Amino acid sequence: MRPECVLVFCMCISVFLHRAISQPPTETDTYTECTDGYHWDPQTQHCKDINECETIPEACKGEMKCFNHYGGYLCLPRSASVIPAPEPPNQIHPSLENTASEPFNPCPLGFEPQGDSCVDVDECEQDSHDCQPSQQCFNTEGSFSCQCPDGYRKVGTECIDIDECRYRYCQHRCVNVPGSFSCQCEPGFQLAGNNRSCIDVDECGMGAPCSQRCYNTYGTFLCRCEQGYELGPDGFSCNDIDECSYSSYLCQYQCVNEHGKFSCVCPEGYQLLGTRLCQDINECETGAHQCSDGQTCVNIHGGHKCVNNRSCQEPYVQVSDRCTCPITKPGCRDMPYSIVHRYMSVTSERSVPSDIFQIQATSVLPGAYNTFRIRSGDDNGDFYIRQINNISAMLVLARAVNGPREYVLDLEMVSVNPLVSYQTSSVLRLTIYVGPNAF
């Protein structure tokens, strides 16, 4: 009998409490005090749980995570999760006033009545799921599932970013970002269509800053210059090479630097022979002289001279191509019998001793003995005579001379015949023009 009394007693208490809760409170029956962890909500006229995780600054320290629950909060590891248990029907909240009981749901868990049938509850849409902020909610039949987005993996209840760079997805450089990754290439390369491989960039075809020639190489490029130019310190520009500053032997006379090359020039009266040598222009042969009919053109180094055809001076008279002094004239007694004019040109700085002119007798008397000497014109001793035989001798340049300069030498051949006590002489008047250059 006692257990039945207890059951009836409990039922009576439940009915009494139900009626007490169902009755609308009067002004004198209103309660506004709640236990610790709750606060009075005047809008709903109920005690409402306080979310300490939001109201208390830094409720949990270190690596702990704050989880709110009825009347308090918990500090648990970040990988932990709290799944609240479903509230039983007619649950009495710890307050001075009980809330109303939820309506009876005849459908299975995860469904709700709609007319005469039960339809699935979309917990994701109603935000009644317990997925973590880093997770995505997917509705299922009668329930839901919490999944990690692409690029994350689930560790406990948390979604942790996957470091794709650990798996060497990129050929060159990999940059991990939350939920994904990106590939980058070294300078000189670009991403291929698969966004992972790197292919060489043809910088030459993309406007490389080479001023002249560009050569593409794997991962970079090289600048090169045309002949006559050298690559600048920046590796891109080409600067003209001053070939003339490298050597004084590039040109025989003068070197002229030009863009990418050089050229040789010659002085007036010369023409370029090949690319560097200078050759004298023979104005007498080319007709570039201005000598008159009574003059003879004599070519010299770098120019020409016009000499008069009849240049005999008293007491000499013109006979054919020479000047003669007749023995019948008193003034001819101590003078050479004949004078022949000849002309020649030599270069400056000629090496010495140097044979420059050969004297050859045109007629020799029988039994005569001939000697050769410089009669006049060599005041400084720049020349001397070397006799070869009885009829010829050589004029030798003894010292180096510089031009422009002019010598007039009387080269005398003295003929002596001791058998008949006969002596005579003839002179070759040689005019020597020393050119201004060593060529």
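## Ground rules

The model is predicted, so local features need pLDDT of at least 70 and side-chain atom pairs count only at pLDDT 80 or more, while totals for chains, interfaces and linings use all residues. Residues are numbered from 1 along each chain as its sequence is written, and side-chain values use heavy atoms, with hydrogens and water left out.

## The chain as a whole

The protein chain has four helices and 33 strands. These elements are DSSP runs, numbered from the N terminus: helices are H or I with at least four residues, strands are E with at least two.

Of the 439 residues in the protein chain, 28% are buried. Buried means under 20% relative accessible area, exposed means over 50%, and partly exposed lies in between (1.4 Å probe, protein chains only). The chain exposes about 29100 Å². Carbon and sulfur atoms supply 52% of that area. Accessible areas come from the Shrake-Rupley method with a 1.4 Å probe; for residues, only the protein chains shown count as cover.

Contact means heavy atoms within 4.5 Å. Take the contacts between residues at least 6 apart in sequence: 34% of them join residues at least 24 apart.

## Annotated domains

An unreviewed UniProt entry carries the annotation "domain: EGF-like" for residues 120-160, 161-199 and 240-279. UniProt positions are given in the numbering used here, feature names are shortened, and annotations may be inferred rather than shown by experiment.

Residues 161-199 are 0% helix and 41% strand. The end C-alpha atoms of that span are 29 Å apart. Residues 240-279 are 0% helix and 45% strand. Their end C-alpha atoms lie 29 Å apart.

## Disulfides

A disulfide is a covalent bond between the sulfur atoms of two cysteines. Here the cut-off is a pair of cysteine sulfur atoms within 2.5 Å. The structure holds 20 disulfides. Among them is the pair Cys34 and Cys47, with sulfur atoms 1.9 Å apart. This link is left-handed, with -90 degrees about the S-S bond. Cys34 lies in the loop between α1 (2-22) and β1 (38-41), and Cys47 lies in strand β2 (residues 46-49), so the pair ties together parts that are 13 residues apart in sequence. Cys34 is partly exposed at 24% relative accessible area. Cys47 is buried at 15%.

Another disulfide joins Cys131 to Cys146, S to S 1.9 Å. The torsion about its S-S bond is about -90 degrees, so the disulfide is left-handed. Cys131 sits in the loop between α3 (123-126) and β7 (136-140), while Cys146 sits in strand β8 (residues 143-147), so parts 15 residues apart in sequence are tied together. Cys131 is buried, with a relative accessible area of 11%. Cys146 is buried too, at 18%. Cys185 and Cys198 also form a disulfide, their sulfur atoms 2.1 Å apart. The torsion about this S-S bond is about -95 degrees, so the link is left-handed. Cys185 is in the loop between β12 (180-184) and β13 (189-191), and Cys198 is in strand β14 (residues 198-200), 13 residues apart. Both Cys185 and Cys198 are buried.

## Two loop residues

Gln135 lies in the loop between α3 and β7. Gln135 is buried, with a relative accessible area of 10%. Leaving aside neighbours within four places in sequence, Gln135 contacts Cys146, Gln147, Lys154, Thr157, Glu158 and Cys159.

Ser211 is found in the loop between β14 and β15 (213-217). At 46% relative accessibility, Ser211 counts as partly exposed. The C-alpha atoms of Ser211 and Asn239 are separated by 9.6 Å, and the two residues are 28 apart along the chain.

## A nonpolar surface patch

Leu365, Leu419, Val420 and Tyr422 form a nonpolar patch on the surface. Together they have about 440 Å² of accessible area. Patch residues have over 30% relative accessible area and no salt bridge; like charges are joined within 9 Å, and nonpolar side chains (Val, Leu, Ile, Met, Phe, Trp, Tyr) within 5 Å. A salt bridge is a side-chain nitrogen of Lys or Arg within 4 Å of a carboxyl oxygen of Asp or Glu.

Leu419 lies in the loop between β32 (405-417) and β33 (422-434). Leu419 counts as exposed, at 76% relative accessibility.
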